[in-house]
Amino acid sequence: MKIKSINLSSSNVRTRESRLGSITGYHGDLVDLTQQSRCGHVKNRERCFSQSSTCLSSCAISQLTRIMDVAVIYHTPAGCTAVAPGSTVIGEQLAVKVAKKYETVIIGSDMNEVDTIFGGLTSLREIILKTIDTYHPKALFIASSCVSGVIGEDIDGLVSDLKDELDIPIVAIHCEGFKSRIWASGFDIADHAVLQGIVKPPKEKRQVINFKNFYESHRQEITELFAEFGLETQFLYTNASVEDLSHISESVATVCICGTLGTYLGNALESLYGVPYIRTINPMGVIGYESWLREIGRVINKTDQVEAYIERERAIYLPQITELAKQLTGLRAVIGMGPGYTYEVARVLQELGIEVVWAAAWHYDRQHDNGQPPPAMDFLEKHAVNNFPMSVTDQQNFEVMNILKRHQPDLYFSRHPGSTVWAVKQGVAAVYVADEYMIFGYKGMISFAKTILDTVRNRSFEKNLAAHTAMPYTDWWYQQSIDALLEE
Amino acid sequence: MTKILDQPRYVCALGAMRTVQSIPGAIPILHSGPGCAEKLNNNAAGNSGHFSPNIFPCTSISEKEVVFGGNDKLKATIENALKVINAELFVVLTGCTSEIVGDRIEEISREFQQQGKPVVYVNTPGFKGNNILGHDWVLSGIFDQFLSKEKVAIEKGCVNLFAGPPLYDPYWLGNLRAIEQLLTKLGLKPNTIFGHGRGIANIKKIPAAELNILVSPWAGIQSVQLLHEKFGTPYLHYPVLPIGAFETSKFLRAVAIAAGISTAEAEKVIAASEAEYYYYIERYANTFLELRIMSKRFTVISDAQYSLAVTKFLTNDLGMFPTKQFITDDTPTERRPLIEDEFKKLNYGIEAEVEFSTNGYDIHEQIAKVDFSGIPLIFGSSYEKKLSNRLEGLYVNISYPMLEKLVINSSLAGYDGGLKLLEDIYTVGMSRLVL
């Protein structure tokens, strides 16, 4: 199926708002949200007050800089390049796993006031050439910013000129922070750049599966899992080389740890090169893991092996999971995460007998790039044990605190830096679902359940901290309805 | 000349949101993109305090505001921030986009001021300067708009104290408290505005001081000068963060002169402090002298504050030798001569060569060629770890970015700060006894 919204001849990616009908403001419940989605339009509610959240450029650049031996040249004032130190340290720490040296760099043009008036393309060009001379990168990504976007710097023109002079891929990436409220658009921007500049059309089919994840903490487990089905794993993008990426059109399939992360690349590889994209719920919890494995088995024609694997693993792990679930049944939870996780974790919690009293997602994609609703929502619509309240909160902490105050759950599950601490200060235990493998497969489900148990059995930290701190919000705010500052 | 920012060791002016955040009771309102604060906050620990970036009200500029202007959004954000957040002072800070599209930030903020709301504004677009300049602009903006010009009664012995930029300098609060204690020993009553137990009341107290003390090579000089112009308060600009006995005693003498404290009183404090300091140095001198893998030479790649402070400490207290030193904080040109001059004032006529540079690659290549006559001792940021591994050196992370080390309230300033830095240096040395 050709997907019209994926157009490699343009350096610009359409935003999620326009491609996927994504929204950042909603207040309602599961039944209403899925019903509106089915009717083809979910109305976004703007906020008349917001707190600082995230920029799409962070997502774009953090994806691209996981690739080995590339340079991101960021045409922007010094603030945006604040992502560089963390990116470098993480890169070095992750590369240890594959015994490689991380040499990827982020170079800033440190735009100043004069550049905002006269433009900084001349120095940008010099910086690009100097970077090549210094680091000999295998590919270059030239990133725009709010400033270079607003003053209209012709980065596409510069890149197009340089393309002829250089013997390495050079790609313009448009990550002006103001262009989309949905920072996951940054994932699409990174994928688009990789597809535009690095991925080559297939020459042969290879027994390789593309596996998109973030920080590959379970690299070995995943490698062994797919080896069992006769496949080599190509991890994306962490620790992947430009050469590796040039071949991903030759793989037998693309799978992803998270649908929000993978929609653009997976759908594009399928649409452009016929590489099947496995679209299932995420491999979290028992239901998620098994659905995911079975679909992989179907696509790679290894259904029997997959079933044998499931049967073998179930015998080992299911009794343990059932035993743990008994102890967790009846707990009440609020979830606040990106949409790739909120609806997935809601399902997992229900598997463990935990009641979801509220699910807040940072944004909501009405559909993925294939025109279908996100599989996790589709699953919840059909199988959720109850209709629970939901909101799309764009990481708005004041809304989440209002939810927690009203519903007083036993636990708050979150997945974004800086979010757990506020729940804890308000006296609610928080579990930080940071690592994408935290609930992966049977073993992940067991350790996740044990973490929840440990959390509710020792509430000392939140009790201590809540007793010694005050919340930053006014009583007035806690008396308002949760959606009081969402416009109609 | 084209400036290349390779291995960025500072952020932009909006990064001074952390200066606001470090004043209890004050919160920034950002007229910026939704992710500016998160980015600027990326590399600093100690951010989940009463106000943190995900609490900061933010206009979250989108395409609509770029095209039609963000004045209405700013107004609504301030209005609602006053309702939703419990704070004593709201500081409106601008990002790049709102400045380029020309929003009426001053006018809107002044409207709230006229209604008696505790709102001030500071222009902090990223393209105008870095976070160290922004720190100074934020302080100046607050002092200028929040403090009235009316004369207040001067409090005997009260001195305002300012040091490194909060949450950028990893030791900002520990250092501030350590210097406060030193001043207290001299019989002064230091007034600071940052950290636990301080805040808006301390800002209000600023005009009552007899003297302002700025301990920093260049960060914060403009705001101290503003206080001089506005309230006539004299100031002591002491460019060297005092680490260890030599510099700390020198600092105390300078303060005594500026604050009118008798020499006898100051010398009494100095003698007692040095005696205690050298009690420890004596006991550990064998470690310093006999750890066989330590050479005598070191380099610092850091902001002006730590490049200068560590150079003074290791040269004047420990008898070590500076190789070439690097300053990576984009020190404004007019501030450089004073700093360069300080590097020439070391014991025994020793002078250290110093270079101002933002090109981390180039700095590393230069250091790779330095003759350390033994194992290189390298002070700097997270970036220097890789260099140190390459040169098989000993490495101590002392300044931003600091991503693999946690500093909560420890201090490098003063007599005890010198001992703390020695702990860090020799911990690294002792963990690698093989040449």
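## Domains

Which domains does the domain assignment of chain B give? In this predicted model, the assignment gives domain 1 (13-146), domain 2 (158-263) and domain 3 (277-430). Domain 2 and domain 3 of chain B have C-alpha centres 24 Å apart. Their contact takes 25 residues from domain 2 of chain B and 31 residues from domain 3 of chain B. On the side of domain 2 that touches domain 3, α8 (172-185) and α11 of chain B each supply at least two residues. Of the elements there, α8(B) gives the most, with seven residues. By residue class, this side of domain 2 of chain B divides into 16 nonpolar, six polar and three charged residues.

Chain A is divided into domain 1 (55-182) and domain 2 (318-479). The C-alpha centres of these two domains of chain A lie 35 Å apart.

## Contact between the chains

In the contact between the chains, 62 residues of chain B meet 58 residues of chain A. Several elements of chain B each supply at least two residues to the side that touches chain A: β1, α2 (36-40), α3 (63-68), α4 (71-84) and α5 (96-100). With six residues, α4(B) gives the most to this side. The residues on the side of chain B that touches chain A divide into 31 nonpolar, 22 polar and nine charged.

Five strands form an open sheet with mixed pairing, in the order β5(A)-β4(A)-β2(A)-β3(A)-β1(B). At the edges stand β5 (170-173) of chain A and β1 (5-6) of chain B; each has a single partner strand, so one side of each is left without a neighbour in the sheet.

Within the sheet, strand β2 (residues 70-74) of chain A and strand β3 (residues 105-108) of chain A pair in the parallel sense over four bridges. In this pairing, A:Val105 of β3(A) is the residue opposite A:Ala71. Helix α9 (residues 185-197) of chain A packs on the sheet, where it touches β4 (139-143) and β5 of chain A. The direction of α9(A) makes about 155 degrees with that of β5(A).

What joins β3(A) to β1(B)? Two bridges do, and the two strands run antiparallel. A:Gly108 has B:Leu5 in β1(B) as its bridge partner.

## The α9-α12 helix pair of chain A

Besides packing on the sheet, α9(A) meets helix α12 (residues 259-273) of chain A: their axes come within 8 Å and cross at roughly 25 degrees. Angles under 35 degrees count as roughly parallel, so α9(A) is roughly parallel to α12(A). The crossing of the two helices is right-handed.

On the α9(A) side, the contact is made by A:Phe187, A:Asp188, A:Asp191, A:His192 and A:Leu195. On the α12(A) side, the residues are A:Leu261, A:Tyr264, A:Leu265 and A:Ala268. The residues of this contact divide into six nonpolar, one polar and two charged.

## A parallel sheet in chain B

Chain B has an open sheet of four strands in the order β6-β5-β7-β8, with parallel pairing. The edges are taken by β6 (189-191) and β8 (235-238) of chain B, each with a single partner strand, so one side of each is left without a neighbour in the sheet. Direction ignored, neighbouring strands of this sheet are turned by 25 degrees against each other on average.

Strand β5 (residues 158-162) of chain B pairs with β6(B) in the parallel sense over three bridges, and B:Cys158 stands opposite B:Lys189 in β6(B). Helix α11 (residues 244-259) of chain B packs on this sheet and touches β5, β7 (211-215) and β8 of chain B. Its direction makes about 165 degrees with that of β8(B). As noted for the domains, α11 of chain B also supplies at least two residues to the side of domain 2 that touches domain 3.

## Backbone exceptions

Most residues other than glycine have a negative phi, and most peptide bonds are trans. The peptide bond from A:Leu236 to A:Tyr237 is cis, with omega near -15 degrees. A:Tyr237 lies in the loop between β7 (232-236) and α11 (242-246) of chain A. In chain B, the peptide bond from B:Tyr400 to B:Pro401 is cis, with omega near -10 degrees. The loop that holds B:Pro401 runs between β14 (394-397) and α17 (414-430) of chain B.

A:His136 is not a glycine, yet has a positive phi of about 50 degrees. This residue is found in the loop between α6 (121-135) and β4 of chain A.

Note on methods. Residues are numbered from 1 along each chain as its sequence is written. Chains are lettered from A and ligands numbered from 1 in the order in which they are written. This is a predicted model: local features need pLDDT of at least 70, side-chain atom pairs count only at pLDDT 80 or more; totals for chains, interfaces and linings use all residues. Two strands pair if DSSP finds at least two bridges between them. Two residues are in contact if their C-beta atoms, placed from the backbone, lie within 7 Å. Axes are lines fitted to C-alpha atoms, for helices over the stretch in contact, and angles run from 0 to 180 degrees between N-to-C directions. Domain bounds come from an automatic or database domain assignment. Ala, Val, Leu, Ile, Met, Phe, Trp, Tyr, Cys and Pro count as nonpolar, Asp, Glu, Lys and Arg as charged, and the others, Gly among them, as polar. Angles under 35 degrees count as roughly parallel, over 145 as roughly antiparallel, 65 to 115 as roughly perpendicular and the rest as oblique. A crossing is left-handed if the near helix is turned anticlockwise from the far one by less than a right angle, and right-handed if clockwise.
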